[in-house]
Every structure is written in C-alpha cells, then in structure tokens.
Amino acid sequence: MRVTKATPAAGRRVLADFRADRRILLLAAMAVVIGAAGTVAAWGLLALIALVTNLVWFGRIDTALVSLAQVKPSWWMVAAPILGGLVIGLMARYGSEKIRGHGIPEAIEAILIGGSRMSPRVAVLKPVSSAISIGTGGPFGAEGPIIMTGGAIGSLFAQFFHLSAAERKTLLVAGAAAGMTAIFGTPVAAILLAVELLLFEWRPRSFIPVTTAVVTATILRPALLGAGPLFPFAADPVLPSWGLVVCAGLGAATGLLSCALTSLLYALEDRFEHLPIHWMWWPALGGLVVGLGGLIEPRALGVGYDVIGDLLGGHIVLEAVLTILIVKAVIWLVALSSGTSGGVLAPLLIIGGAMGWLAGTALPGEPGYWALLGMAAMLGGTMPAPLTGALFAVELTGDLHALPALLAASVSAYAVTVLLLKRSILTEKIARRGQHITREYGIDPHQFTRVSEVMVRTVETLPGHLPIREAVAVLERGQHRAYPVIDEAGRPVGFVTRADVLLWGAEGGLGEDRLSEQVSDAALPVIYPEDVTAHAIELMLASDRGRLPVVDPASGALLGLVTRRDLLQVQASFSRAETERRAYFVRRRA
C-alpha cells in the first residue's frame, strides 16, 4: 500500500504586516544608480530644450533657458512649430510610436501591460523629440518626458539582471520619480506621484527603493540644477473663518475647468483620427495652431516657467493673464491631441494658476496666492492626484503655511473630476487602446480572511483501505463529485472523483485493489485553518485543483475542505459590505 502524508506545496505561510525580504536592499542599491542616472538625464533634457530654443529662436548656441516673450511676432513664429511637428512625426513613424503623447500614460501602460520593459529607442528618442517639440514653441513642460525617460533608464538597467516584473516596475518608477525630483526639486511630491499614478501599490518592496532614488536625486540636484524651490513664494493672506470654504470653492471651479479640458482634449483627438492623412502629419498641423497662437501671445509658447513665476509674484496684468489662459489652453489642447511629444504638468500649472489669479482679483489677499491654489487644484483634479497636487505646490514654492488651503482646493477639484469623469486625462488614452485601469487602492479581503472562516467542516470521507469496487458504489449513489481519502490516522492522502469511477470502469474495475493504492498523492497540497484565503488561492493555482484539504497543523488530520465556491463567498461578503446600507439606531416599525 502506497500511503503518504500530504504536505503543503509551498510550506506554512508566516503571516506578517508586510511581505518583505532582503531583496529590498538589493533594489535600494540599484535605485541609487538609477537615481543618479535620472538626475543626469533631467539635466541633459533641460539643457537640450534650452539649446534647441536658443538655436531656433535666437540663432545662438546656449544651454540657458530663456523666455519666448522676447521673440517678436513674424512668419517664423508660425513656421518653427510646424517644422518641429514634422520632425517629431517622422521620428515617431520611423523611430518609435511610443514617443507620441506626454509620457505618463505610456509609462503606466509599460508597467501594467508590458512587464515594465521599455526599449532603448524610447530612452533616446523621447527626450530628443520633447526637446524639439518644446524648443520650437510647443506649449509643454519637461516633466512628462523625463518621467518617460527616467522610467526607461530604470527599466533598461533592470533588464540586465534577473528580476521579476514587479521588481522591474519598482526600478522603472524609481527612475521616473528621480527625474521629476531633479526637474522640479519636489522629492515628496515625486514619491506621492509614484504611489498615486505609477506603482499601483504601497509596499516596502517598491516604496523604499523609489524613495532611495528620489533622495539620490535630491542630493545630486544642487550641483547640476541648483538648490532651493523653483518658484520661491511666501505671501499667505490672513483668511477669514470662511476662507477654506472659498479655497474649496475655487478648487471645485478648477475641477470643472479640468473636466472641460479633458473632454475637449479627447474630442480633438477624435477629430484628428478622422483626418484623411497619416498620423505622421498631425503634429505639423498642431504646430500650425501653436504658431498662430504665438502670434497672439508669444509667452504662451514653450515651457512657460517665467509665466508661472509672474503669476505667483504678481508681475503681470489682468489682460495678459486672460490672454495667456485662453491661448495656452487652446494651443496645448490642439498640440497634445495631434500626438506630438511633451509634458502636461507645466501647462496645467499655467492654466490653473491663471484661473486662480483671475479669481484672486476679487478675493482677499494677493492674486498670486490664489494662483498657487489654482495650480494645485488643477493638478489634483486633472491627474487626478490630490496629495501630489498639494505637496507639489508646497515644494515648488517652499510655502508650507499654505498647505491647508492647498489641500482644500486640490481635494475639492479631485471630488469634482472623479464624480463627473469616468477616466482621467492619463487613463483615457489607455482605455482607448482596449485596457481598463482602476485607480482605487484597497486591501484584498483574501489577505485577512482566515481559511477557518469559510471552510466546510462536515466532510464525507473514504478510508484508504476501502476496496475499489466499494468506493465505486459509494460514488455512484453519493451526492458529491469528489471525496477525500484518508489513512488510518485521519490524514488526507488524496481525492477520488466520479471521473475516476468512469476510468476504473473502463479498465475493468481494478479487481480488489485498495483505494489508497490508486489515489495516494505525496504532492497533495494542504492548508491550515489559520492560513489566509489568499494562500489557498495561490495553492489552487499552483496545483490546478478546485478544492484543498484543511488539516490540523500538529497531527495532519483532516479538519475540513475549502473549495473555489467558498473562496468566492469571501469576495461576495466584501461586495455586500460595500453596497448594503443599514441604519442601526433607527427604530424599526413592526
């Protein structure tokens, strides 16, 4: 008789608050290298943008960022964006189509769908195409391209080592967060952006390496890009008791504008899709609109960091703010929907800041203060990432005192956009490619539900010494499709099913063979009552079984069974807790 004691397939699961191991230290060490590379890439991207800008508009070789407000309107102001769009279209068609767009959806897609693998072409072509786009007048920022470029650096580095897809994702996001930190000097906001937009989790395995890369970028940034906040600001008014309500109101209004911008962007993209020409030519058409907008307001072209500074500092007049708001929004929407290359954060800061500045002319304090709230609200609502929006504004300006008002505005805008829009400006593009992404994070109910809570305790079993012919009779008249087979000590040694009965019948009944001689399985996976149901799911998947015996940890004796149906009840209970509503302190009528 071949009777063996069943053992767990993967060992007894040790339950803990976090599933972490020493590989975190390895990933953190790799993140140091990636953080340094991401910082250098950010410096190189800004230098390349400045070089293209100076060459195109001023005919000189220089890597210092300049404002396009100095450019006088002429035919070249229209021609330059068109030529830039044409070059980008050629690069996308014959280089890599991944360079189209603002970079963050492409990074998300690589993480969730592509196994966190990015190609060397993207690492090279994305910053070059973005520099050409922005340098020839494109109304974009450098943050989206550096997120894509930094992510590509992290992904390429990870592909030289034997890492899992989850570990590659961590290093990809580490590179993206390091690049953003280097560009803006906002380490906390970069980490929050990673959590809210890219990681789709909050685990030590990813949080620690990403933070390591961000800290590395923070250390190296002063030597390459300078220290301190990018737009120093400290002009907080003394708000009345109802001041935060006004901040929330501004956030809600900004959220409505964010919804309008997102809807218009994809409506315009649909219009481009119906053009009877190849998409390679679309960026040139977008460049035409950019150039015409530049004739109206040259300051709407390019990155526009000078405009952000003027909005916060108050060095701007009402007519200019209104013109910049309209022109920037129009040319940004058209250019981005055309499939050119560039980021969205800087344009959103300018649009949200301009709206806040205009509202601030009728509110207490300086308009620059309300411009800051508008910037945070626009980021929080459009991304949508409310914590990133608020902390980004704080770190960008160094104004910590404004944090409560920033949170009120950002969360209010976030509430409006999640109620009115099914998808954000980041996920809509991915959804149009046939992929659905949920942005809600929560604890898996299977991670805290014990097997003892869902298992079947009353189980009909068959003894291993039972002859085959008697076992066949039991299965033919029994109500179950499968029965556990146990040894003399009550330990499970296998399962017998109705399919086995049909097979034995075809083989002539197997004579007087004992049941244990046919069904004993040394690799039979078992689970314990104290294990969580997530472990049961893992064992079922690994062993391709629909039911598992639950055994006593000490003796190995059978205590019950857990089936797929039992595990589905866990999710059903969780869904009921989400949807069923009941008042416990309301008197019920008979």
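These are my notebook entries on what I looked up in this predicted model.

**Ground rules**

I number residues from 1 along each chain as its sequence is written, and because the model is predicted, local features need pLDDT of at least 70 and side-chain atom pairs count only at pLDDT 80 or more, while totals for chains, interfaces and linings use all residues. Side-chain values use heavy atoms, with hydrogens and water left out.

**The chain as a whole**

I began with the secondary structure, which comes to 23 helices and five strands; helices (H or I, at least four residues) and strands (E, at least two) are DSSP runs, numbered from the N terminus. Taken along the principal axes, the C-alpha atoms fill a box of roughly 100 × 65 × 50 Å. I noted an accessible surface of about 26,400 Å², of which 61% belongs to carbon and sulfur atoms; accessible areas come from the Shrake-Rupley method with a 1.4 Å probe, and for residues only the protein chains shown count as cover. Of the 590 residues in the chain, 54% are buried, where buried means under 20% relative accessible area, exposed over 50%, and partly exposed in between (1.4 Å probe, protein chains only). I also looked at contacts, meaning heavy atoms within 4.5 Å: among those between residues at least 6 apart in sequence, 75% join residues at least 24 apart.

**The nonpolar cores**

Next I looked up the nonpolar cores, each a set of buried Ala, Val, Leu, Ile, Met, Phe, Trp, Tyr and Cys residues joined through side-chain atoms within 4.5 Å. The largest has 118 residues, and those with the most contacts inside it are Leu198, Tyr305, Trp332, Leu345, Leu373, Phe392 and Leu406. Helix H12, residues 318-337, gives the most to this core, with 11 residues. Apart from this core lies another, of 15 residues, among them Tyr483, Val496, Leu515 and Val519.

I then followed Tyr305, which, leaving aside neighbours within four places in sequence, is in contact with Ala142, Glu143, Ile183, Phe184, Phe231 and Ala346. Thr397 is found in helix H15 (residues 386-397) and is buried, with a relative accessible area of 3%.

Met77 lies in helix H2, residues 75-94, and counts as buried because its relative accessible area is 0%. Not counting residues up to four places away in sequence, Met77 touches Trp57, Val71, Lys72, Gly291, Gly294, Leu295, Pro298 and Leu301. Met77 and Leu295 are 218 residues apart in sequence, yet 6.9 Å apart in space, C-alpha to C-alpha.

Helix H16 (residues 403-420) gives the most to the patch, with five residues. Leu419 is found in helix H16 and counts as exposed because its relative accessibility is 72%.

**Cysteines**

How many disulfides are there? The count comes to zero, taking a disulfide as a pair of cysteine sulfur atoms within 2.5 Å. The sulfur of Cys247 is 20 Å from the closest cysteine sulfur, in Cys259, so the two are too far apart for a bond. Cys247 is buried at a relative accessible area of 0%, and Cys259 also counts as buried, at 8%.

**Backbone details**

Most residues other than glycine have a negative phi, and most peptide bonds are trans. Against that background I noted that the peptide bond from Met383 to Pro384 is cis, with omega near -20 degrees, and that Pro384 is in the loop between helix H14 (367-382) and H15.

Phe200 has a positive phi, near 55 degrees, and is found in the loop between helix H7 (187-199) and helix H8 (204-225). Is Phe200 buried or exposed? At 18% relative accessibility, Phe200 counts as buried.

Asp544 likewise has a positive phi, near 55 degrees, in the loop between helix H22 (533-543) and S4, but Asp544 is exposed, with a relative accessible area of 65%.

**A loop between strands**

Last, I looked at Pro553, in the loop between strand S4 (547-551) and strand S5 (558-563), which counts as partly exposed at 38% relative accessibility. Pro553 and Ile527 are 26 residues apart in sequence and 8.7 Å apart in space, C-alpha to C-alpha.
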